Amino acid sequence: MSQEFRRARRRKAPDTIVVTDAMTGNVVGRVANLSETGMLLLANTGLVNDALYQFRFTLPGGRERRDQLLELGAHLLWTDQVSAAGQAWTGLRFIGLNDEQARQLRAWVDTPGSQYV
């Protein structure tokens with residue numbers, strides 16, 4: 001049996017959450033899972049390991065909350081190619097979050113009925 005050692009709980013994205021580069025406006029991929037401290041991104045464009053990015057995405061609100069647009073700084077920690085050409089799993093750590101952004105992420109991850117990974 002495997003044990004989970006992550007510090008922050010992660011929620012699987014229930015629907016497609018498109019991620020864009022806030023500097024260029026180009027779509028870079030979609031969220032696979034998300035925590036208060038980072039995300040797993042299925043990237044459809046080449047990203048550079050150990051680089052800093054400014055990403056924009058909208059968290060779906062569901063029945064009781066409205067959608068939330070977030071723009072966050074992220075540090076690319078690792079990349080792993082997938083079998084589909086031009087795609088890669090990328091692990092990112094959020095940087096420079098303000099208290100409101102952290103609260104929004106925490107609330108989204110902790111939504112009742114969420115599927116955790």
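**Figure 1. Thr20 is a buried residue of strand β2**. In this predicted model, Thr20 has a relative accessible area of 17%, so Thr20 counts as buried (buried means under 20% relative accessible area, exposed over 50%, partly exposed in between, with a 1.4 Å probe and protein chains only). Strand β2 covers residues 18-21; helices (H or I, at least four residues) and strands (E, at least two) are DSSP runs, numbered from the N terminus. Leaving aside residues up to four places away in sequence, Thr20 touches Gly25, Asn26, Val27, Val28, Gln54, Phe55 and Arg56, where contact means heavy atoms within 4.5 Å. Take one of these partners, Phe55: Thr20 and Phe55 are 35 residues apart in sequence, yet 5.6 Å apart in space, C-alpha to C-alpha.

Residues are numbered from 1 along each chain as its sequence is written. Local features need pLDDT of at least 70 and side-chain atom pairs count only at pLDDT 80 or more, while totals for chains, interfaces and linings use all residues, and side-chain values use heavy atoms, with hydrogens and water left out.

**Figure 2. Tyr53 and Phe55 form a stacked ring pair**. The structure holds 1 aromatic pair. Its ring centres, in Tyr53 and Phe55, are 5.3 Å apart and the planes meet at 5 degrees, so the pair is stacked. For reference, rings of Phe, Tyr and Trp (its six-membered ring) pair if their centres lie within 6.5 Å; planes under 30 degrees apart count as stacked, over 60 as edge-to-face and the rest as tilted. Both partners are buried, with relative accessible areas of 15% for Tyr53 and 1% for Phe55.

**Figure 3. Leu34 and Phe55 belong to the largest nonpolar core**. This core has 24 residues, and those with the most contacts inside it are Leu34, Met39, Phe55 and Phe57. Such a core is a set of buried Ala, Val, Leu, Ile, Met, Phe, Trp, Tyr and Cys residues joined through side-chain atoms within 4.5 Å. At least two core residues come from each of β3 (27-34), β4 (38-43), β5 (52-59), β6 (68-81), β7 and α1. Beyond four places in sequence, the partners of Leu34 include Met39, Phe57, Phe94, Leu105 and Trp108.

**Figure 4. Thr90 is buried in strand β7**. Strand β7 spans residues 88-95, and Thr90 has a relative accessibility of 1%. Not counting residues up to four places away in sequence, its contacts include Met39, Leu41, Leu76 and Trp78.

**Figure 5. The buried residues of α1 line one face of the helix**. Which residues of α1 are buried? They are Gln101, Ala102, Gln104, Leu105, Trp108 and Val109. Seen down the axis of α1, these residues fall within an arc of 160 degrees, so they line one face of the helix; the arc is that of the directions from the helix axis to the C-beta atoms. Their cover includes β1 (11-12), β3, β5, β6 and β7. Gln104, within α1 (residues 99-109), has a relative accessible area of 13% and touches Leu59, Gln68 and Leu70, residues up to four places away in sequence not counted.

**Figure 6. The charged end of Arg11 sits over the ring of Trp108**. The charged end lies 3.9 Å from the ring centre. A charge sits over a ring if NZ of Lys or CZ of Arg is within 6 Å of the ring centre and within 35 degrees of the ring normal.
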